[in-house]
Amino acid sequence: HFSTINIKKRYNMEQVISEWIDYNLSGRYFLGNNVELDKDNKITQIYTVGFENPKEMSFFMLACPHLKYTS
(Lines give C-alpha, C1' and ligand atoms only; values in the text may rest on other atoms or scores of the structure.)
Protein backbone atom coordinates (compact mmCIF):
# COMPACT_ATOMS: atom_id res chain seq x y z
CA HIS A 1 0.00 0.00 0.00
CA PHE A 2 1.47 3.27 -1.15
CA SER A 3 0.86 6.72 0.33
CA THR A 4 0.45 9.08 -2.62
CA ILE A 5 0.44 12.78 -3.44
CA ASN A 6 -0.44 14.57 -6.67
CA ILE A 7 1.81 17.36 -7.94
CA LYS A 8 1.11 19.85 -10.71
CA LYS A 9 3.07 19.10 -13.83
CA ARG A 10 5.83 21.63 -14.54
CA TYR A 11 8.78 21.65 -16.91
CA ASN A 12 11.54 19.23 -15.82
CA MET A 13 9.85 18.63 -12.44
CA GLU A 14 9.73 14.84 -12.86
CA GLN A 15 13.49 14.55 -13.29
CA VAL A 16 14.48 16.79 -10.36
CA ILE A 17 11.99 15.15 -7.99
CA SER A 18 13.19 11.69 -8.99
CA GLU A 19 16.82 12.71 -8.43
CA TRP A 20 15.98 14.24 -5.04
CA ILE A 21 14.17 11.08 -3.93
CA ASP A 22 17.03 8.82 -5.11
CA TYR A 23 19.59 10.91 -3.23
CA ASN A 24 17.65 11.49 0.03
CA LEU A 25 15.42 8.44 0.54
CA SER A 26 16.03 4.71 0.48
CA GLY A 27 12.63 3.03 0.17
CA ARG A 28 10.58 2.05 -2.85
CA TYR A 29 8.59 4.77 -4.55
CA PHE A 30 6.52 5.47 -7.65
CA LEU A 31 6.64 8.61 -9.77
CA GLY A 32 4.45 8.74 -12.84
CA ASN A 33 2.19 10.77 -15.06
CA ASN A 34 -1.50 10.92 -14.30
CA VAL A 35 -4.57 13.04 -15.08
CA GLU A 36 -7.24 14.63 -12.89
CA LEU A 37 -10.14 17.04 -13.16
CA ASP A 38 -9.51 20.57 -11.94
CA LYS A 39 -12.10 22.80 -10.28
CA ASP A 40 -13.48 23.78 -13.71
CA ASN A 41 -13.87 20.10 -14.70
CA LYS A 42 -11.04 20.31 -17.20
CA ILE A 43 -8.55 17.49 -17.54
CA THR A 44 -5.10 18.47 -16.29
CA GLN A 45 -1.87 16.49 -16.30
CA ILE A 46 -0.18 15.83 -12.96
CA TYR A 47 2.54 13.70 -11.43
CA THR A 48 1.60 11.12 -8.84
CA VAL A 49 4.29 10.33 -6.27
CA GLY A 50 3.81 7.33 -4.00
CA PHE A 51 5.90 5.87 -1.20
CA GLU A 52 5.68 2.43 0.36
CA ASN A 53 6.81 3.80 3.71
CA PRO A 54 4.54 6.60 5.04
CA LYS A 55 7.51 8.05 6.96
CA GLU A 56 9.27 8.70 3.68
CA MET A 57 6.17 10.46 2.37
CA SER A 58 6.21 12.73 5.41
CA PHE A 59 9.91 13.49 4.97
CA PHE A 60 9.40 14.16 1.26
CA MET A 61 6.55 16.59 1.95
CA LEU A 62 8.57 18.47 4.57
CA ALA A 63 12.05 18.47 3.07
CA CYS A 64 11.83 18.45 -0.72
CA PRO A 65 12.66 22.00 -1.88
CA HIS A 66 11.15 21.41 -5.32
CA LEU A 67 7.59 21.20 -4.00
CA LYS A 68 7.44 24.95 -3.48
CA TYR A 69 7.50 25.35 -7.27
CA THR A 70 4.41 23.18 -7.82
CA SER A 71 1.74 25.45 -6.37
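Strand 2 (residues 29-37) and strand 3 form a hairpin with five residues between them. Here helices (H or I, at least four residues) and strands (E, at least two) are DSSP runs, numbered from the N terminus. This is a predicted model, in which local features need pLDDT of at least 70 and side-chain atom pairs count only at pLDDT 80 or more, while totals for chains, interfaces and linings use all residues. Residues are numbered from 1 along each chain as its sequence is written, and side-chain values use heavy atoms, with hydrogens and water left out.

In the turn, N41 has a positive phi of about 60°, although N41 is not a glycine. Most residues other than glycine have a negative phi. N41 is exposed, with a relative accessible area of 60%; by definition, buried means under 20% relative accessible area, exposed over 50%, and partly exposed in between (1.4 Å probe, protein chains only). A positive phi, of about 65°, is also found at N12, which is not a glycine. N12 is placed in the loop between strand 1 and helix 1 and is partly exposed, with a relative accessible area of 35%.

Strand 3 also pairs with strand 1, to which it is joined by six bridges in an antiparallel arrangement. V49 of strand 3 stands opposite I5, and V49 is also the bridge partner of L31. T48 lies in strand 3 as well and is buried, with a relative accessible area of 8%. The side chain of T48 makes a polar contact with the side chain of N6 at 2.9 Å and another with the side chain of N34 at 3.1 Å. A polar contact is a pair of N or O atoms within 3.5 Å; within protein, one must be able to donate a hydrogen and the other to accept it, and residues adjacent in sequence count only if both atoms are side-chain atoms. Apart from neighbours within four places in sequence, T48 is in contact (heavy atoms within 4.5 Å) with T4, I5, N6, F30, L31, G32 and N34.

The largest nonpolar core has 15 residues, of which I7, I17, I21, V49, F51 and F60 touch the most other members. Such a core is a set of buried Ala, Val, Leu, Ile, Met, Phe, Trp, Tyr and Cys residues joined through side-chain atoms within 4.5 Å. At least two residues of this core come from each of strand 1 (3-8), helix 1 (13-24), strand 3 (43-51) and helix 2 (54-63). Helix 1 gives the most, with four residues. Leaving aside neighbours within four places in sequence, the contacts of F51 include I21, L25, Y29, E56, M57 and F60.

In helix 2, E56, M57 and F60 are buried. These residues lie on the same side of helix 2, because they cover an arc of only 105° around the axis, the arc being that of the directions from the helix axis to the C-beta atoms. The buried residues of helix 2 are covered by elements including strand 1, helix 1 and strand 3. On the other side of helix 2, K55 and L62 are exposed. At the start of helix 2, the backbone nitrogen of K55 has a side-chain oxygen of N53 within 2.9 Å.

Key:
Pairing = 2+ DSSP bridges.
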